[in-house]
Amino acid sequence: MSGPSLEYRGVLSINGPIIMVENVSNVGYDELVSVKTPTGEKRLGKVIQVSQNVVTVQVFEGTTNLSPSETRTRFLGHSLEVPVSTEMLGRIMNSYGEPIDGHPRFFTEEKRDVNGYPINPTAREYPKDFIQTGLSAIDGLASLVRGQKLPVFSGPGLSHNELAAQIVRQAQIRNATEPFNIVFIAMGIKHDDADFFRKSFEETGAIKNVAMFLNLADDPPVERIITPRAGLTLAEYLAYEKDSHVLVIMTDITNYCEALREISSSMEEVPSRKGYPGYMYSDLASLYERAGRIVGKKGSITQMPILTMPNDDITHPIPDLTGYITEGQIVLSRNLEKQGIYPPINIITSLSRLMKDGIGKNNTREDHANIASQLYSAYAQYNNVKSLVAIIGEEGLGTHDKEYLRFGERFEKALIKQGRNENRTIEQTLDIAWNALSDLPEEELTAIKPEYIQKYLHKTDAEAI
Amino acid sequence: MATAEGTVIRIAGPVAEAKGMSNAVMHEMVEVGHNGLIGEIIRLEGDHATIQIYQNTSGLKLNEPVIGTGSLLSVELGPGLIGGVFDGIQRQLESLRVLTGPFIKQVHGITALSQEKKWSFHPKVKTDAKLVSGDILGTVKETNLVEHRIMVPVGVKGKLVEIASEGDYTIVETIAVIEVADGKKTDIQMLQRWPVRIPRPHTRRLFASIPLITGQRVIDTFFPIAKGGSAAIPGPFGAGKTITQQQLAKWSDANVVIYVGCGERGNEMVEVLDTFPQLLDPTTGQPLMERTILVANTSNMPVSAREASIYTGITLAEYYRDMGYAVALMADSTSRWAEALREVSGRLEEMPAEEGFPSYLPSRLAEFYERTGVVETLGTDGRTGSICAIGAVSPPGGDFSEPVTQHTKRFTRVFWALDAELAGSRHYPAINWMASYSGYITDLTDWWHKNVDDKWADYRNEAMHILQAEDELKNIVKLVGPEALPDKQRLIIETARVIRIAFLQQNALDPIDTYCNPKKQYKMLKIIVDFHHLAGNVIIKGAPIFKITELPVIEDLMRMKNSIPNDQLERLDEVEKKMHQNMENLEATLR
């Protein structure tokens, strides 16, 4: 703990990202390690096991070029810390919070442990304030609430990147004076995707409000484990020290979990389902549970992790474990995407667990909850009718079923579908919903209180599509 | 016995190894390192001890001291437990918050119970009384709902030499002195301790014959659980495990409820903390928090404390059982607990069995569920107490064939299978009536017959039979459409629809529907089943099925659950009358 730390020369073994160092004293678990390659390049690592003779170190940037005899290690006496600063907004950082956008260094206001600390459950405040994403399918039917963690379950090739970029550009809070910031965490994404995001934020000027943490697909996997933690550490600083409402977008959790599996197997750990480590649930929880609100603090952290389900399989361990931790999910559908509907959000399988407390009179509008459950059941009915059409054809349908068919088509084309730059207020979303529901006879609207039908139905016909 | 004092020689995540521990015993609680991290010895080889550490081990170094505490991992028992929020090793989370702020950090010396607070003690025994373990020395009004009974500790018996007079005492003040057999005296405080991994003793086990009334129709009527019973709720995410657990914690007629949030969401625990103090117990009208203890070890808190949280919970349950109470313990979720076992087992490099779980998973599950039951407690007055455990299971991908679900099924007698498809069609609670079962139906029939109606079993079985018949017919309907069925069978489909919507579905958010008392459940079911019989007769007499489905009373059947409060059951008689009238009118048109 005290005095200058010693530099050790030579390591016992090198295996994947793992090195073993012999005869080291006074080393703490989880401690940060500086590793110097024979050519003088400096890398970082952390202690993952300590025993009497040997310390096991995981090297973040990989072990290429290390040699057993010439590698030098120095134990730094603390765990990995990353800089946090309000000046990181508008900037692009690597996994360690260092700027990589070519602009000058920002002023580091504080350095913080990248792992953070678990929030004491008694210090949490229950989330109940609405965030408007400007996307009708989310705002209207699976509303996002400040302090919530609501993931997007996508599939390879679906338009989740566009969706993420649009949310970053459009998201805003209502009825609050605190600043609203976005921390965008990209893990293992391709260079073109990174460019897409960067351009999209820069062109619209959204970047000034965004702190972007970038870990690319060809960066070492071990770094991918740090990227989200560095971003979340900044988010906590902004939320709880600077009173900001922070929306954290993390893409792609699947890449993160692949990195976790790769490291786990190189450490020869006992695998659990599909080769993923048994602690993946706890590990993901250590990211997701950093969302929330704290009693007595003005700010909040809301998370939207994005993951691509391998083979579109929702029971795959990555979406499965995520779904068990997060408060709902937004599921993208290949079917809708094929029909040219953007965003391709399948509202039947999507769900926001915290929606019930974040909408209604003081948050959105009094009719919101009723509308959502009516839309939901009518759309489910539409899907039943559609499967019937596949068997007996549209001609065979009764008038009742035809009404649902018309409703469903209008619902998908007018409400779910929207432009990539179209930013709708929640009122607009609800008005469009009323419009779509006007295709149904009034007596079918059983989920809606009669007074709301009186007040809102047909009111919006003039602006109908 | 000398306490062990060793040093750390290996650290890997939540597991450390120490040498110089020859004085230690298995499962002894130890303090590790300069920060006094709490750990438990889980393996001893020579003077080497393997220690499971219940706090974050970041920064722990080799050669830091490990000190034995001389006792096994234990919980504190005494007044002040009810209404408390504890972590997996029973540290009071409120006091932790005072010390470390909104985030949990390493800190020394947090206790479970306040040693300063004074409680008003009422003695119940006089000096010179001969006392045995379990006898009640006096009582403390812990909350408006729970009278805390201070018992003679296990292993102590003899003549009462001194008993505190009525007055206010802290839990560490001596309130009684007992002269044990060999002339030695033992001081007794309200604060007592018990090791979590050892079941508290009782006199004998009794037969479970009283239902735990939960106010949830699908549970109480179709798949009931007894006070002292054990149940599993498995289900994929989004199927409503947590909301079902919370409904049970809210409405079940236990005296004490212990809610163990084991590796689950932080926001869910806040929801409980926010809503329970506001909700009133349907039988007593007091806030639910006054009978509830929360053990909250959320998914981001140390994984080994998650392993301990289940034992902490059940030990607290046993303590209140021993006072003579009916205790209900909800564990959400036992899968996270099993995963904690797996994680620690992996660190110990044990040979894994199924899906990486250790081979002792089933025996650990059995040990836990076997601590439930109805018992005659220690003590001369022969009190009866019970523990009923309801464990949520989170099978990966919703696949019930995985090890935790399968082994849990072996040791529990009730199985409430949550179903993603039902949840998807917003049928809540999404308990699948074909896949669920209860082993208590015959044991509990007497209670229903005595307290509600002696035709309960007939109606229940009949309704179950209709649901089963519908399940078989559904396959045919899928192939040929409902029109192809004879009217008699279409009636089964219609009645089953009524049972599903009017009876099985229950809205937790509706102020009336959220709790349904046993009498209302029975009457509702009776009306629906009678409807089925009467309609069957009318059909035989020639009424077409569409005349039945058009009857106005069907609307009334659908609304019984949320339009008629539990205290206005006479209005159900009106529905019944209307139903009979409807049928008679229909029959009249046939002649």
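A salt bridge here is a side-chain nitrogen of Lys or Arg within 4 Å of a carboxyl oxygen of Asp or Glu. This is a predicted model, where local features need pLDDT of at least 70, side-chain atom pairs count only at pLDDT 80 or more, and totals for chains, interfaces and linings use all residues. Residues are numbered from 1 along each chain as its sequence is written, chains are lettered from A in the order in which they are written, and side-chain values use heavy atoms, with hydrogens and water left out.

**Exercise 1.** Find the salt bridge between chain A and chain B.

*Solution.* Start with the count, which is one. Then look for the partners: Lys356(A) meets Glu271(B), side chain to side chain, at 3.4 Å from N to O.

**Exercise 2.** Work out which element gives the largest share of chain A's side of the contact.

*Solution.* First, grab the residues in contact (heavy atoms within 4.5 Å): chain A puts in 59 and chain B 57. Next, sort chain A's side by type: 29 are nonpolar (Ala, Val, Leu, Ile, Met, Phe, Trp, Tyr, Cys and Pro), 13 charged (Asp, Glu, Lys and Arg) and 17 polar (the others, Gly among them). Finally, go by element, taking helices (H or I, at least four residues) and strands (E, at least two) as DSSP runs numbered from the N terminus. H7(A) comes out with the largest share, five residues.

**Exercise 3.** Describe how E5(A) pairs with a strand of chain B.

*Solution.* Pairing takes at least two DSSP bridges between strands. E5(A) and E1(B), residues 5-12, run antiparallel over two bridges. Within E1(B), Ile11(B) sits opposite Val50(A).
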